[in-house]
Amino acid sequence: PVTDKSYYLFQGLTALADGNKTIGLNGSVPAIMNANNDNTQLFTFEAVLGVPNQYYIKNADGLYLKFTSGSSLAYGALNGDYSIWSINGTTNTSIRLINKKADSYITTMAVTSTAALFLGATSSAIYGSYTLLTKDVILQNNVMDGGFENNIDTGAPLVDWGTSPSKSLGG
């Protein structure tokens, strides 16, 4: 990802159908939420220096997605390997996020608003697939493009962002 861009992480199972479920915040818990123009749903990816394909994932409120203990996730300050994520996938419409410390993927129990995210999934877990899309193609005139009609990035190949920082999603 490009450092000056914000991204949505849509639940993969619903993103291409209606585009209305994205990772956000339910109280203090990272969760699947109805998509809107909320800061807790917009993310930037900060490359871990010197390590390809590893990132800190920060929401627009300045809080980082991190593993805490067991299978729990939270938003907060950076915390070493607990805050480092890798992106697995071949296109932006089928990515999976794996935490370095837990060596486990993000998933949820359902595709419903407020479903909490947790770690413990395998690389093939049904609810562990996400779609990574930039804010500028999802928001049209500050309104969500819920059906992705204006999305030019859908199906874009992922590039090795860690070793090619000048490349952007789909570039």
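Are phenylalanine 43 and tyrosine 75 buried or exposed? In this predicted model, phenylalanine 43 is buried, and tyrosine 75 is buried as well.

## Aromatic pairs

A pair of aromatic rings is described by the distance of the centres and the angle of the planes. Searching the whole structure gives 6 aromatic pairs. One of them joins tyrosine 8 and phenylalanine 10 in a tilted arrangement, with 5.6 Å from centre to centre and 35° between the planes. Both tyrosine 8 and phenylalanine 10 are buried.

Phenylalanine 43 and tyrosine 75 form a stacked pair, in which the centres are 6.3 Å apart and the planes make an angle of 25°. This pair connects distant parts of the chain, since phenylalanine 43 belongs to strand β4 (residues 43–47) and tyrosine 75 to strand β7 (residues 73–76), 32 residues apart.

In soluble globular proteins, nonpolar side chains tend to be buried together. Here the largest nonpolar core has 22 residues, and those with the most contacts inside it are Leu9, Ile23, Phe45, Trp85, Leu97, Ile106 and Tyr130. Several strands give two or more residues to this core, among them β1 (7–11), β4, β5 (55–59), β7 and β12 (130–134).

Which residues are in contact with leucine 97, leaving aside its neighbours within four places in sequence? They are Leu9, Ile57, Trp85, Ser86, Ile87, Ser104, Tyr105 and Ile106.

Note on methods: Residues are numbered from 1 along each chain as its sequence is written. This is a predicted model: local features need pLDDT of at least 70, side-chain atom pairs count only at pLDDT 80 or more; totals for chains, interfaces and linings use all residues. Side-chain values use heavy atoms; hydrogens and water are left out. Rings of Phe, Tyr and Trp (its six-membered ring) pair if their centres lie within 6.5 Å; planes under 30 degrees apart count as stacked, over 60 as edge-to-face and the rest as tilted. Buried means under 20% relative accessible area, exposed over 50%, partly exposed in between (1.4 Å probe, protein chains only). Helices (H or I, at least four residues) and strands (E, at least two) are DSSP runs, numbered from the N terminus. A nonpolar core is a set of buried Ala, Val, Leu, Ile, Met, Phe, Trp, Tyr and Cys residues joined through side-chain atoms within 4.5 Å. Contact means heavy atoms within 4.5 Å.
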